[in-house]
Number of protein chains: 2
Amino acid sequence: MARTTGSHSDITGPRVLDAALRLFARHGYAAVSMRQIAKEVGVQAGALYNYTPDKQSLLFDLMKRHMQELLDTRSDHCRPGTALKQLEDFTRFHIRYHLDRSDEVFIAYMELRNLTPENFTVIEALRRRYENELETILQQGAVEGVFAITDSRIETMAVIAMLTGVTTWYRAEGRLSATEVEGIYWDMVRKAVSV
Amino acid sequence: MARTTGSHSDITGPRVLDAALRLFARHGYAAVSMRQIAKEVGVQAGALYNYTPDKQSLLFDLMKRHMQELLDTRSDHCRPGTALKQLEDFTRFHIRYHLDRSDEVFIAYMELRNLTPENFTVIEALRRRYENELETILQQGAVEGVFAITDSRIETMAVIAMLTGVTTWYRAEGRLSATEVEGIYWDMVRKAVSV
DNA sequence: GTCTATATGCTGATAGAC
DNA sequence: GTCTATCAGCATATAGAC
């Protein structure tokens, strides 16, 4: 127990990313030092560089992993159906997924400006792909005649902002369950875009 | 011209806050140094401490000033009327005000975690007062029978998140004017909360 | 009121022992 | 793979000259 030196490559690697995730979400990328991350993992600062070339890569890897998992999980849950049904699926999926990953979501929205320009471009492209999935649903609903779409891009951004906002106030121990919150938001989204 | 020393108290004070506002909004509080702020103002770092006791006070003063101006301006624009009319006023005011102050808004939402606990309490109280104004309108609309309110707190947070989100994508040189954007958002808000 | 100089400590990252 | 030691630089904030 409490071995202070030796080989831990199989467990230390994931622990570095986990520690960075938690600390970046809590204090912000710029305010967290490599020494703080190392302390959280239980190694010295120099050892971190066996797992990441630099601090920027930690942030980029966390954000890329989050966005790709978001897109992949969404693909798995995607079912054909009417625009209304697809919009309900998207709404409930987005809320549930975001409530389950509050740290990742927080970083993905707050730390964009701390990415290098090249890394920013990659993350923005992934985010745009996700937004486009919602926009496609809204456009399909307009074709079906069930949605009133003035400018599908704006309505897309408005719906996503509303849904993502749930992460800023929801607490699992609060008076409403995630399922109840889903229901209330779905009511609002449905009415907001319907004819 | 280019006087490098002397007395500028009347103009330097505001310039310090302005520089901090711009730099904090662009790079984030933690990533901006007092030297950067001083350089932007055109003085040496030590001179800043004639105008602020420390860096934290710069952030706190910016956020407090923003929240108080938001509340004051909202009070000036507030007119009696039906809940529907008041909600329209709130919606259009919120969008216009936030589009006109993108730097302040960005800081007010992104830098909360960089406030000391005492300062955070003050800012949160001001923000809560603003949110309560919207919640009161929604509750009044429920009493009038025109709004369908399941949980007025959640609907309040959902509407504010949707409206504030406009600052993340709106560009003055884009294809839509602020007034057009106001109209689209008002349509969505009205439908989202109506019976 | 601003300057220069400085105190004190932390930063990201690297080198070499084990 | 992790350690200790270290580099070169920047951080906030202060002291005292002008």
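Let me start with a convention: angles under 35 degrees count as roughly parallel, over 145 as roughly antiparallel, 65 to 115 as roughly perpendicular, and the rest as oblique. Axes here are lines fitted to C-alpha atoms, for helices over the stretch in contact, and the angles run from 0 to 180 degrees between N-to-C directions.

Two housekeeping sentences, and then the structure. This is a predicted model, so to speak: local features need pLDDT of at least 70, side-chain atom pairs count only at pLDDT 80 or more, and totals for chains, interfaces and linings use all residues. Residues are numbered from 1 along each chain as its sequence is written, chains are lettered from A and ligands numbered from 1 in the order in which they are written, and side-chain values use heavy atoms, with hydrogens and water left out.

Chain A first. It has 9 helices and 0 strands, where helices (H or I, at least four residues) and strands (E, at least two) are DSSP runs numbered from the N terminus. Along the principal axes, the C-alpha atoms of chain A fill a box of roughly 65 × 40 × 30 Å.

Now, how do H9(A) and H7(B) meet? The axes of helix H9 (residues 178-193) of chain A and H7(B) come within 11 Å and cross at roughly 55°, and therefore the two are oblique to each other. H9(A) passes H7(B) in a right-handed crossing; a crossing is left-handed if the near helix is turned anticlockwise from the far one by less than a right angle, and right-handed if clockwise. On the H9(A) side we find A:Val181, A:Ile184, A:Tyr185 and A:Met188, meeting B:Ile154, B:Glu155, B:Ala158 and B:Val159 of H7(B), with contact meaning heavy atoms within 4.5 Å. These residues divide into 7 nonpolar, no polar and 1 charged. For the classes, Ala, Val, Leu, Ile, Met, Phe, Trp, Tyr, Cys and Pro count as nonpolar, Asp, Glu, Lys and Arg as charged, and the others, Gly among them, as polar.

Helix H4 (residues 83-100) of chain B packs with helix H7 (residues 152-164) at an angle of about 40°, the axes lying 9 Å apart. That makes H4(B) oblique to H7(B). B:Thr91, B:His94, B:Ile95 and B:His98 of H4(B) make the contact with B:Ile160, B:Leu163 and B:Thr164 of H7(B), giving 3 nonpolar, 4 polar and no charged residues.

Back in chain A, helix H4 (residues 83-100) and helix H6 (residues 117-144) have axes that come within 9 Å and cross at roughly 155°. That makes H4(A) roughly antiparallel to H6(A), and their crossing is left-handed. Among the residues that meet are A:Phe90 and A:Phe93 in H4(A), and A:Leu134 and A:Ile137 in H6(A).
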